[in-house]
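The sequence and the structure are shown first.

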Amino acid sequence: MKPVYVIGHKNPDIDAIASAIAYARLKSKLNHGAFVPAAAGEVNAETRFVLDFFALEPPELVTDVGTKVEDLLEDEAVFSVPPETTLREAGRLIRVHNIKTLPVVDSKARLLGLLTVGDVAQIYLDRLGQEEEDPQKVVSVLSSVLSTKVSEIMKTQNLVLFEKSETVEEAKKQMLATRYRNYPVVDEENRLAGIISRHHLLQMKRKKVILVDHNEKKQAVEGIEEAEILEIIDHHRVGDLQTVSPIFFRNEPVGATSTLVAELYRQHGVEIEPPVAGLLLSGILSDTMIFRSPTTTGKDKEIAKYLGKIAGLEPDSWGKEIFRRAVRVEDEPIQNTVLQDLKEYQHGDLVFAISQVETIDLDALRKRKRDILEAMEGICNKRGYHLLLLMVTDVFAEGTELFAAGPRKEIAASAFSLPLEQETVFLKGVMSRKKQVVPLIYKVLAEQSLF
């Protein structure tokens, strides 16, 4: 059975990972199917600390959900034979199971060659046709043919095969150019994975995904436009992703997607295991910055209290422990600091990005101002950003140092009274990218588009 990936945004934070793991477990309890928690990027140190604390495995790394050759494979087992198989045995298998192409593999399932119905027919015609006037010789030749090993007649040269990770588009080009009946599919070690044909292209099945903690294409895993989105659970503004048919879309203005996932557990009457409750609590505390963010709602606090009782944790104390145990971003390479939690946005042809990191030593990062701004300009040039903002948020000081770079940084100057020659400004009380920064940028862009 093909898995359904429950996956968060690129550069995943605790909330994205917690939501993916917890919601995948809830779906598995409520439905038949393989719901697999996934991460669209590497798990950061803060999240690893939380996962280790609760003895939970990190989600599977899935960086591309575009349709690959492996998505064309059927769930049924593929018939294959070892090279010592006789033509008599192979013929019976072909006849009983109506097989047109029979792969020949070694003891480790590695592909050695192919035997087709056409090959079998041709060997009979070639050998028996020469003795058609001598019945006695026909019997002898027939016995010899039936005893022939498939290794002696299988095709081994110029085979057209595909690896599981190849794109469907590339496979389609090869099929149109060669027009064989069937094509073997192998893994990176040449082990047989299955057989595909042109009719599989007509019945192509997309990867199925459930998105958590985002609903914008720029923030989604690569290949999302080729996947089938089944559900979205999110607490951000409605973005630009489209679906083929109506889906379950849970979107509420709360502080964390973990809040919504925990609420869904309660609504379905499903018990939350203590480690999962602790993980969801961590997602809420991280995204709301221990309830200091203006995105925090009464529902976040109530759900956090509920989860804390299950996990045996006091929310405020546990939140402070998470931030203390997080890797000190002021000691990280500048590039890592800027890219750690970066999200992209688009307004018309203008592309901008906002990164946010938390620290308990803001002064240490201020001392690296020139290096940070230089790295940000490099990222803008490489990725084509018109504007890049870095929010360095001091959780305990309850404010953010805002760094601005890019050819359109005057947008930030208009939104936050940021002196262009200064390139940074401290914003007291600004804790939320979603509620206090992104809306102001869009407001400025909207006003500029009127003139």
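Predicted model: local features only at pLDDT ≥ 70, side-chain atom pairs only at ≥ 80, totals over all residues.

The side chain of Glu263 makes a polar contact with the side chain of Arg250, at 2.6 Å. When neighbours within four places in sequence are left aside, Glu263 is in contact with Arg250, Glu252, Lys299 and Ile303.

Not counting residues up to four places away in sequence, Phe248 touches Tyr23, Leu230, Glu231, Ile232, Ile233 and Leu264. With the same exclusion, Asn251 touches Asn215, Asp234, His235, His236 and Val238. Two backbone oxygens take part in polar contacts with the side chain of Asn251: that of His236 is reached at 2.8 Å, and that of Asp234 lies 3.4 Å from a polar atom of the side chain.

## Separations along the chain and in space

Phe248 and Ile210 are 38 residues apart in sequence and 9.6 Å apart in space, while Asn251 and Thr393 are 142 residues apart in sequence and 26 Å apart in space.

For Ser449 and Asn215, which are 234 residues apart along the chain, the C-alpha atoms are separated by 25 Å. Ser449 is found in the segment after helix 17 (433–448), and at 52% relative accessibility Ser449 counts as exposed, since the term applies over 50%.

## The two sides of helix 12

Helix 12 runs over residues 315–325, and its buried residues are Pro315, Trp318, Gly319, Ile322 and Phe323. They cover an arc of only 135 degrees around the axis, and therefore lie on the same side of helix 12. On the other side of helix 12, Arg324 and Arg325 are exposed.

At the start of helix 12, a side-chain oxygen of Glu314 comes to within 3.2 Å of the backbone nitrogen of Asp316.

## Packing of helix 10 on helix 12

Helix 10 and helix 12 pack with their axes 10 Å apart and at an angle of about 75 degrees. Because angles of 65 to 115 degrees count as roughly perpendicular, helix 10 is described as roughly perpendicular to helix 12. Helix 10 contributes Gly278, Leu281, Ser282, Leu285 and Ser286 to the contact, and helix 12 contributes Pro315, Trp318, Gly319, Ile322 and Phe323. By class, the residues of this contact divide into six nonpolar, four polar and no charged.

## Packing of helix 1 on helix 2

The axes of helix 1 (residues 14–30) and helix 2 come within 9 Å and cross at roughly 40 degrees, which makes helix 1 oblique to helix 2. On the side of helix 1 the contact is made by Ile14, Ile17 and Ile21, and on the side of helix 2 by Glu46, Thr47, Val50 and Leu51. The contact of helix 1 with helix 2 has five nonpolar residues, one polar residue and one charged residue.

Most residues other than glycine have a negative phi. Ala55, which is not a glycine, has a positive phi near 55 degrees, and Asn158 likewise has a positive phi, of about 55 degrees, although it is not a glycine.

Ala55 is found in the loop between helix 2 (45–53) and strand 3 (60–61), whereas Asn158 is placed in the loop between helix 6 (150–153) and strand 6 (162–163). At 69% relative accessibility Ala55 counts as exposed, and Asn158, at 69% relative accessibility, counts as exposed too.

Methods: Residues numbered from 1 in each chain as written. Heavy atoms only, no water. Helix = DSSP H or I, 4+ residues; strand = E, 2+ residues; numbered from the N terminus. Buried < 20%, exposed > 50% of the residue type's maximum accessible area, 1.4 Å probe, protein only. Axes fitted to C-alpha atoms, helices over the stretch in contact; angles between N-to-C directions. Parallel < 35°, antiparallel > 145°, perpendicular 65-115°, else oblique. Contact = heavy atoms within 4.5 Å. Nonpolar A, V, L, I, M, F, W, Y, C, P; charged D, E, K, R; others polar. Arc of directions from axis to C-beta. Polar contact = N/O pair within 3.5 Å; in protein donor to acceptor, adjacent residues only side chain to side chain.
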